[in-house]
Amino acid sequence: MPLDWMDLDAAGEAPAAPLARTSFDERALLENLNDAQRQAVLHGEGPLLILAGAGTGKTRVITRRIAWLVATGRAAPQEILAITFTNKAAGEMRARCAAFFPVKGLWISTFHAMGARILRREIAALGGWTRDFSIYDTYEKNQLLKELVKDLGYDAQRFRPAAIGAWISNEKNRRFEPTLPGTGGPGGVEGEVYAQVRARYDAALKEHNALDFDDLLLKVLELFEAHPLVRDQYAWRFRHVLVDEYQDTNHVQYRLTRHLASRHGNLTVCGDPDQSIYGWRGADIGNILDFERDFGGERAVVVVKLERNYRSTECILEAAQGLIRHNLARKQKELWTDKHSAARVRVLECGDENDEAHAIAARIQQGLAAGRRPDQIAVFYRVNFMQRALELALRLAGVPYQIVGGVEFYQRREVRDLISYLRLLVNPRDDAACARVINVPGRGIGEKSLEELARWARERGLPLAATAGARAARELVKGRARRGLEEFAELLVRLAPHAEGPAAAALEAVLAATDYRRHLGESGEPDVLARRENVDELVSGARQYDQENPEGGLSGYLSDVALVSDVDGFEEESPRVTLMTLHSSKGLEFPLVFIAGLEERMLPHGLALDEDPEGGLEEERRLLFVGMTRAMEELMLTHARMRLHFGETSFQVPSRFLGEIPSEWTEAPEPGEDAGVDDDGPRFVPDEEGEEDASLTLAPGARVEHDHFGFGVVEGVQGRGGSARLTVRFASAGKRVLLAQYARLRVVR
DNA sequence: AAATCCGCGTTTTTT
DNA sequence: ACGCGGATTT
């Protein structure tokens, strides 16, 4: 996503002359739009609410509308602000706009990226921060909180950093909202501790010249409210403001939207109350439900309803609507389509999570055999841990897949290390980054030394990094640590010039100066190789950033990196089946969709029900609705009778939602009946005690039979127990590596 | 200061 | 069942 920081100089100025009208064909803009869509695109001035049901062509409408505003001279590209839910959506929308007009100056981004961008320019006005501020992610936030809890003398077991962090986030998201009943967090002593920690936390962030995710929004709001002139600069600049996925905005975002649209009043919001799934992180469905009342001032709000669905077949749509109609708090809306089909939504009952995964894998193989491409298929689940069984089953079945979310690239140690170096270069006050890298690679500066240095710095109100440059501080520690600190100081001096340059150059400099690749090790172990690959990937990512954002610089790169989201990693074109959570699936579509784990307390999730029985249930229902409406042609819902959870297997009750969905139930596959699922015969499940037996039975040379691959001979065994990898040569399927635990091999005499 | 061991919480969803 | 953080070794 290009971030041209400099283009703000034009802020507040009206275009010099009325823009040349229609530098491109206006008719092309209105092609292939139905009446409602056209009405939304052609809306002139004033507030517009687009109630866009799932699959009704909302993105197309927004894109065309932006293009139309530009084409007709109603706004110059730099006078338009469009907010999307993910960076990926922003990139796509920008690309689509680029097909119509030169998009230079157009702002399309997420709320968070917009916040970072505005603050990079304006934050000094708040006092305490500089434009080189760091963005702390959840991990660093929790580290900091843990430290503060301990400093204050509290037990970090009782006052868990993550819990306090979640509470703080909640507080920040609702900052200006009258306190809602039951959301005030813990009361009594606990509440006091929380508040105390929060005060320290915010102070520490300021000292570190850092912001957390929520601050990226909140600080902009504070800025706008403390400095109306700054607010007006942006409010004047953005003649048209468009917000997508408005049903998922929180109160701070709502206030920001108000401010940004305050001068021209040209606000378009787009969304679907039935797809509001982020209530747990402060999203307020009331924002969209009350939009007409809120923004209906002198000019009445125009409401356009998009109800014609272009995505799904009739059966899928009926099933999804059958479900969502059970929500009581709901605006009436009926989606319709003229896509007919024979395939009904199917429900499949499975034995346990592995049967479920194998059943899904088998159906995917059927789909592939019938000519579907892997990228037309997706599997959704409520909770990330379900990914595991699915992944193993797909791997076993030889189906290529990608997991969206999951173990994140930017969470890897080596990536965090390097990013921390860069952050420290840009922002020497970033203590979190400094503490992370001061002893990487090892310089003999251990916990004790670090503590000494931190105390020295704290007493003087200096950042941790300053200790490296101060002789007095260096003399606090002895021997190897002192020498190490000197090295670190030299390193920082050597790297300092790179703070200004492009990202890739800085990264290369860090790699060279720290000899980081050597630090990762030189062996050929898969682990080491993977780390090296990650480093290379990081470098090429930085290069790409530099190329796409010549003006971005290192701090722009770091902003981008901090704000990448799970779905941003989703590769649409890649020929692989997609695995992701229901939350991540929002906005996407696939011809063939599976949704796993439709069981009570999984979907609807138990904790959602405990927290808020009624609202929670309805949001869970919307979540399933979102997942179902991703499907274009075929949809299959699965549930398991038993599931391994927390290390123990428990019986599962089918989700109440299944009873609300018009669908076709498939009998539980009898052993051997469902392709790929076979509980017949002795299943090879080695355990600690059985290890000896297992390795005896499945030693090289053993003859085995496999459900898919038929007869084969074991050629090798790596590892032990359930996680052992078996190399088996099959008569028909060739050589395969199988996981003992899941292979369901039968020994043949 | 690094290496190993143990116990506990974890798994709701994410910018 | 797993991974992390804290505690306990070497």
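1. The model is predicted. Chain A has 749 residues, of which 55% are buried. Its secondary structure consists of 30 helices and 22 strands.

2. For chain A, the accessible surface is about 32,700 Å², and carbon and sulfur atoms hold 50% of that area. Taking contacts in chain A between residues at least 6 apart in sequence, 75% link residues at least 24 apart.

3. The largest nonpolar core has 50 residues, and the members that touch the most others are Phe-488 and Tyr-557. Two or more residues each come from α17 (413-426), α18 (431-437), α19 (447-460), α22 (479-495), α23 (503-514), α25 (526-548) and α26 (553-562). With eight residues, α17 is the element that gives the most to this core.

4. What does Phe-488 contact, once neighbours within four places in sequence are set aside? Its partners are Tyr-421, Leu-424, Cys-434, Val-437, Ile-438, Arg-443 and Ala-468.

5. A separate core of 41 residues lies apart from the one above; its members include Leu-49, Phe-224, Tyr-246 and Leu-256.

6. Around DNA strand C are Gln-143, Lys-146, Lys-150, Phe-646 and Gly-647. By class, the surface near DNA strand C has one nonpolar, two polar and two charged residues.

7. Of the atoms of DNA strand C that come within 4 Å of the protein, 60% belong to sugar and phosphate. At Lys-150, a side-chain N or O atom is 3.5 Å from a phosphate oxygen of DNA strand C.

Notes. Residues are numbered from 1 along each chain as its sequence is written. Chains are lettered from A and ligands numbered from 1 in the order in which they are written. This is a predicted model: local features need pLDDT of at least 70, side-chain atom pairs count only at pLDDT 80 or more; totals for chains, interfaces and linings use all residues. Side-chain values use heavy atoms; hydrogens and water are left out. A nonpolar core is a set of buried Ala, Val, Leu, Ile, Met, Phe, Trp, Tyr and Cys residues joined through side-chain atoms within 4.5 Å. Buried means under 20% relative accessible area, exposed over 50%, partly exposed in between (1.4 Å probe, protein chains only). Helices (H or I, at least four residues) and strands (E, at least two) are DSSP runs, numbered from the N terminus. Contact means heavy atoms within 4.5 Å. A residue is near a molecule or strand if one of its heavy atoms lies within 4 Å of it. A polar contact is a pair of N or O atoms within 3.5 Å; within protein, one must be able to donate a hydrogen and the other to accept it, and residues adjacent in sequence count only if both atoms are side-chain atoms. Ala, Val, Leu, Ile, Met, Phe, Trp, Tyr, Cys and Pro count as nonpolar, Asp, Glu, Lys and Arg as charged, and the others, Gly among them, as polar. Accessible areas come from the Shrake-Rupley method with a 1.4 Å probe; for residues, only the protein chains shown count as cover.
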